[in-house]
Amino acid sequence: MESTQNLWEVYGLKENPFNTNALSIIPEITFSIKNAYVIRPEEPDRQAQRFNNFFRNPGGGRIVIEGESGIGKTTFVNAFRYQWGYRTKDKLISPFNAIQVQENWRPKEFLLSSVYHTISRIRFDIGEDEFNKNEILKEIASAVAAYREEHLGFGFGVQNPIAGISAQRQVSVSTTVGSVTSDLLFSYLGLLIQMVKSNGYQGLILHYDNLETVEPNVLLNLIDAVRDYLQIQDVYFVFVGGIGTFRKSIFPKQRVKSIFVSNPVIVNALSLETVHQIIRRRCEVCALAKNWILPVETELIDTLYTFFEGKLRPIMNEIVNLVSDREGSHGPITKNQALSSLKQIKLETLDNININNSIKEVFIEATKVRKFTASQLAKLIGKSRQYVSDKCIGPLVENNLIKPAEKEGRSQYFEVESDYLIIGIENMST
């Protein structure tokens, strides 16, 4: 048994270079924009310029960023947040983490999370001592999170499940949680903006992520409900979602559409050359020595790139699966070794999903075509369309094996989740 905890050490790496988290705006983190970001040369100049000019417009604004899942949208946005937070003359402050929008949010939750993330960043910037001297910040803290008072002084800790992060100092005291209205939260946000401007910033960037996980009509209603709050001065609201987010959740309501930049910024798929550059840069920033080894052959990266249509996240995930599943280490993993191993991993995962064998067999056939209608899949497997529609589609969607894709006329297309496409590798281009 290996004595080291770090399975990447055999490649000369101190940690996993294929971490799929978005690059952080915090410079000190290993996988930060400062250390590991690779400029996307394939990005159209007008898209990047439009986004940059959004921040050059004094007074704030609202914009939508769109792109397919796993393509690097969050890192793309973080690169601009880092640039405007650390590198420009007129700086804009930004919470360290993107705000994850939830399906069940109402205006109060939207504002609560926004205020929470903002005050957490301010607390970090000014330090604990200055924070505890400021009565306004302590009031806001007790309203949006938790404020702990000790007999011999003050301690501050925040832990808010809505915001999705925790910055906490352990103390053995009672905790009181504030209850506030949306309008009061909005006034708190205004106070925080005044504070950041008094500290030399020109405004605040609030980055809302993963909008594609919220039903379009639900998101439309949420943004409509917070529409007036979004017009607060000196805040740059950035909403990040899938292709069609603007069209489905902004455009239908004129009063909402009228306050947004009229065209979304589209983040495109990475080129193969850029993917190689990203992987090399990540290996370099976590290398233990100059003679580190790339864990997989470049030919395998080329194959995964084609297979996942340039989406970086599934490429990285599959490489991690391969390294984690490997017994011993004898140089880089080859393409032939990888494809066989990955397929076996996915089949074993499929065995543990609670659907009957007949539906699993239908799904395996679906992996060979990637995208299909119920009629097309029925023809492929020699079954009736009704059988596929009534017995198979529902369980496959519920178990996240397939997902609805586009509609053409009355035909609903579905596509296999990218994690499982490797199962159909024998019938697909590699």
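Predicted model: local features only at pLDDT ≥ 70, side-chain atom pairs only at ≥ 80, totals over all residues.
**Group meeting: cysteines, a histidine and the nonpolar cores**

Cys286 is buried, at a relative accessible area of 0%.

What about disulfides? A disulfide is a covalent bond between the sulfur atoms of two cysteines. The structure holds zero of them.

Next, a histidine. His117 is part of helix α4, which covers residues 107-126. Is His117 buried or exposed? Its relative accessible area is 2%, so His117 is buried, since the cut-off for buried is under 20%. The side chain of His117 reaches a backbone oxygen, that of Ser113, at 3.0 Å.

Now the nonpolar cores. In soluble globular proteins, nonpolar side chains tend to be buried together. Here, the largest nonpolar core has 81 residues. Which of its members touch the most others? They are Phe51, Phe55 and Val238. Among the contributors, helix α13, residues 312-325, gives the most to this core, namely seven residues.

Take Val238 as an example. Setting aside neighbours within four places in sequence, Val238 is in contact with Phe51, Phe54 and Phe55, with Ile63, Ile65 and Val77, and with Ile205, Leu206, His207 and Tyr208. Another core, of 47 residues, lies apart from the largest one, and its members include Leu137, Val144, Leu206 and Tyr229.

That is the end of my part.

Key: Residues numbered from 1 in each chain as written. Heavy atoms only, no water. Core = buried A, V, L, I, M, F, W, Y, C linked by side-chain atoms within 4.5 Å. Buried < 20%, exposed > 50% of the residue type's maximum accessible area, 1.4 Å probe, protein only. Helix = DSSP H or I, 4+ residues; strand = E, 2+ residues; numbered from the N terminus. Contact = heavy atoms within 4.5 Å. Polar contact = N/O pair within 3.5 Å; in protein donor to acceptor, adjacent residues only side chain to side chain. Disulfide = S-S within 2.5 Å.
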